[in-house]
Amino acid sequence: MTDISISSFKESLDFIQLININPDYYYPWKVNNDFKLRYKSRQHCADLSVKCNWLTIEKENQLRPTDRGIELINQTDEKVAYRNQLYDLVKIYKPLWASHLSRGRVESIEFVPDSIKDIFKMVGLYDPDHLHFDDEAIKWWDKIAGSYYTQRDEYNTIIGRIGEKLTIQYEERRTEQKPKWKSIESDLLGYDILSKVSKKDSSPLCIEVKASTYSNSFKFTKNEKKLLDQTPSKGYKIYFWRLYDKNRAELTILKKEDILNKFPKNSPVAIWELCEINLNELNDKIKTKPKIIKPSDLGLKEYDLPKYN
C-alpha cells in the first residue's frame, strides 16, 4: 500500500467514470490513447478499483462500475469521495497499521506510512496541530475503528460519542469557552474532555464522560483510575449521561470522592483491569441531583440512538 497516494484516488475516480461512460472496455483491454493518466498507470487504477470493489469484472472480462463505484463518482464533494475511498482501502486491505486506528488520531497516526499519512491530512482526517475536526471526520474514525470491534463495542462507541458531544456543548455554555475534545486524539489519556473549572477559574478540568441507554451503571478502566488518582479533586469530574431517547438525557456530575471507595482491591493473585460503578449505590451520598437536559437546550439537534439487538 505504500504506492497509494491522493492521485491514486483521483485518477481511480476518473477511471471509474471512463468505464461508466464506455461500458465496452474489457480486462485486460485495449484502451486508445485518448485516455491518459498523469501520475498512475491504467493497470494501477484498474487493480485498485477492482480490489476495493469500485469496479467488477463480469463475464468475458468486461469491466462494470459497482454500486459503490457509482456512489463515489456521483459524490459532489471531492473530500468526501476521497475519505470513502480511504475507508474502503483500509477495510479491504487491512494493513497491520490499521489495527492501531482505534487508539485515536494522535496515537495511531505514528503507525501510518508517510504516503498514507499525507492522504489523512489532505482529506481532513488528521491535523498535526489538533485544531480542526468535523463531525464527519470523527464518524470516519469511529467507523474504521469499528471494523475491528465487536457489535457491542461499536454500539458503546456511538453512545459514548453522543455523551461526549453533549459534554462539549454543556461545558461551552457553562464556562463560555469551548473545551478540547481529547478522546478523539488519544484513548490513553484517561479522560475525554479538557475544560476549565469555571468562568472565572481557568484551572484545567479533566472530564471523564460515561453514557448509557439502558442502566445507571458504567465501566471504569484501570487507566482511568490512574488519572483520577493523579488529578486534584478540583480538576476532575465524571459526567454520566443517561440517554432516554433522542430528545431527553439526564446528566449526573460526580466528584472523585464520590467513587473512590468503589474500586476493587488488587491481590497477590489478581489485578483488576475493569470494574463497574453503579449510580444506584451512590445516590444517598451524591449531593448533586441529576439534571434533565434536552439537546436543544445545548444548541444541539436531536441525536439518533442506535439500536442494539
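This is a predicted model: local features need pLDDT of at least 70, side-chain atom pairs count only at pLDDT 80 or more; totals for chains, interfaces and linings use all residues.
## Helix α3

Residues are numbered from 1 along each chain as its sequence is written, and side-chain values use heavy atoms, with hydrogens and water left out.

Helix α3 spans residues 67–74, and its buried residues (under 20%) are R68, G69, L72 and I73. Viewed down the axis of α3, these fall within an arc of 130°, so they line one face of the helix; the arc is that of the directions from the helix axis to the C-beta atoms. Their cover includes α1 (6–21) and α4 (78–93). Helices are DSSP runs of H or I with at least four residues, strands runs of E with at least two, numbered from the N terminus.

## Strand β7

K237 is in strand β7, residues 236–245. Leaving out residues up to four places away in sequence, K237 touches L205, C206, I207, E208, I253, L254 and K255, contact meaning heavy atoms within 4.5 Å. K237 and K256 are 19 residues apart in sequence and 6.5 Å apart in space, C-alpha to C-alpha.

## Lining of the largest pocket

α8 gives the most to the lining of the largest pocket, with eight residues. Elements that each supply at least two residues include α7 (135–146), β5 (204–212) and α9 (222–230).

Conventions
Buried means under 20% relative accessible area, exposed over 50%, partly exposed in between (1.4 Å probe, protein chains only).
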